[in-house]
Amino acid sequence: MSDTPAAEEVHRSSTAESVRSFISGGAGGIAAVLVGHPFDLTKTRLQTASPGTYSGAMDVVKKALARDGMTGLYRGVVPPLLGVTPIFAVSFWAYDMSKLLIRAATPDRKSSELSIPELAAAGFLSAIPATLVTAPVERAKVLLQVQGQTPGGPQYNGVFDVVKHLYREGGIRSVFRGSVATIARDGPGSAAYFAAYEVTKKMLTPAGQSASDLNLGAIIVAGGTAGVAMWSIAIPPDVIKSRIQSAPTGTYSGFLDCARKTIAADGVAALWRGLGPAMARAFPANAATFLGVEASKKLLDKFL
């Protein structure tokens with residue numbers, strides 16, 4: 001009986017940690033969208049437009065501003081704002097839970113500190129449950145972002161209209177189109193993302209101090225570095241994902257078919273289309289993400 005209070009305390013602590021990870025991840029995601037959406041819109045339009053539509057990233061921005069004003073740079077922002085809280089919440093929760101799982105699977109470890117490969121493995125695992133939210137949200141976001149790019153294309157009145165149209169068109173499978181490409185992007189990407197953040201934090205932590213005490217400048221550097229690490233490897237599967245999710249039904253039979261047709265039509269360089277806007281977004285958006293995460297964690301520590 002003497003073990004019962006201790007077990008209950010561990011359970012409460014684990015539950016509090018899960019709630020803290022979930023809420024702080026959502027806060028970080030909202031910060032990321034507010035900072036990064038114009039860059040993301042530019043990237044998506046470059047990736048999905050026919051050759052010759054734009055001369056480069058600045059041409060996308062110029063044409064978006066000419067067509068819709070400043071609001072044009074935030075076209076398609078509602079799906080990520082609605083979905084980003086659960087996406088990032090699930091991602092950060094799954095990352096923390098994956099770290100606990102790795103420690104539980106290695107009870108004889110000499111140190112509780114995870115190695116870089118273990119951090120990367122936890123990051124990869126975090127992408128699996130997150131894809132259940134990410135894939136449909138990004139499907140709607142991509143369709144709204146490319147709306148108006150092709151004359152005569154489908155016109156949607158908002159995120160719910162997109163989802164209703166997709167479900168009517170092909171059921172739940174249509175809503176979740178691009179899920180394989182999403183995992184292909186976010187699995188390796190999240191591995192690089194979280195490992196780079198943890199390693200950079202450790203490098204910036206003065207001897208004898210804790211990484212939890214780092215100042216805002218260090219968090220900005222570590223978060224920005226994580227974003228650059230992710231997007232340096234995530235662009236090719238992201239291009240394929242954007243094309244699969246924006247193309248008419250039947251255009252591609254799957255991930256590999258899209259890759260093959262993209263290379264055949266536009267060359268291997270097409271797989272890196274949108275790299276400039278993605279890398280321009282990577283540092284500020286992910287610096288904002290981790291600032292939001294760390295700030296909300298400290299706030300939640302007062303209540304949980």
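Visitor: In this predicted model, at what angle do helix α6 and helix α7 pack, and is α6 roughly parallel or roughly antiparallel to α7?
Guide: The axes of α6 (residues 179-204) and α7 (residues 216-246) lie 7 Å apart, at an angle of about 170 degrees. Angles over 145 degrees count as roughly antiparallel. Therefore α6 is, relative to α7, roughly antiparallel.

Visitor: How many nonpolar residues does the contact of α6 with α7 have?
Guide: The contact of α6 with α7 includes seven polar and five charged residues. Its nonpolar residues number 20.

Visitor: Which residues lie nearest the centre of the largest pocket?
Guide: The largest pocket has a volume of about 970 Å³. Elements giving two or more residues to its lining are α1, α3, α4, α6, α7 and α9. Of the 35 lining residues, 18 are nonpolar, four polar and 13 charged. Those nearest the centre are Lys99, Glu198, Lys201, Ala211 and Lys297.

Visitor: How many residues apart are Phe92 and Phe194, which form an aromatic pair?
Guide: Their rings are 5.2 Å apart centre to centre, with 80 degrees between the planes, an edge-to-face pair. Phe92 and Phe194 are both buried.

Visitor: Which helices hold Phe92 and Phe290?
Guide: Phe92 and Phe290 also form an edge-to-face pair, at 5.5 Å centre to centre and 70 degrees between the planes. Both residues are buried. The pair ties together parts 198 residues apart in sequence, because Phe92 and Phe290 lie, respectively, in helices α3 and α9.

Visitor: Which residues do ring pairs link into a cluster?
Guide: The whole structure has seven aromatic pairs. Ring pairs join into a cluster Phe88, Phe92, Tyr95, Tyr193, Phe194, Tyr197 and Phe290.

Note on methods
Residues numbered from 1 in each chain as written. Predicted model: local features only at pLDDT ≥ 70, side-chain atom pairs only at ≥ 80, totals over all residues. Heavy atoms only, no water. Axes fitted to C-alpha atoms, helices over the stretch in contact; angles between N-to-C directions. Helix = DSSP H or I, 4+ residues; strand = E, 2+ residues; numbered from the N terminus. Parallel < 35°, antiparallel > 145°, perpendicular 65-115°, else oblique. Nonpolar A, V, L, I, M, F, W, Y, C, P; charged D, E, K, R; others polar. 1 Å grid on protein atoms, 1.4 Å probe; cavity = no way out; pocket = protein on both sides within 12 Å on 5 of 7 lines; lining within 4 Å. Points joined across faces, edges and corners; volume = space filled by probe spheres on them. Phe/Tyr/Trp six-rings, centres within 6.5 Å; stacked < 30°, edge-to-face > 60°. Buried < 20%, exposed > 50% of the residue type's maximum accessible area, 1.4 Å probe, protein only.
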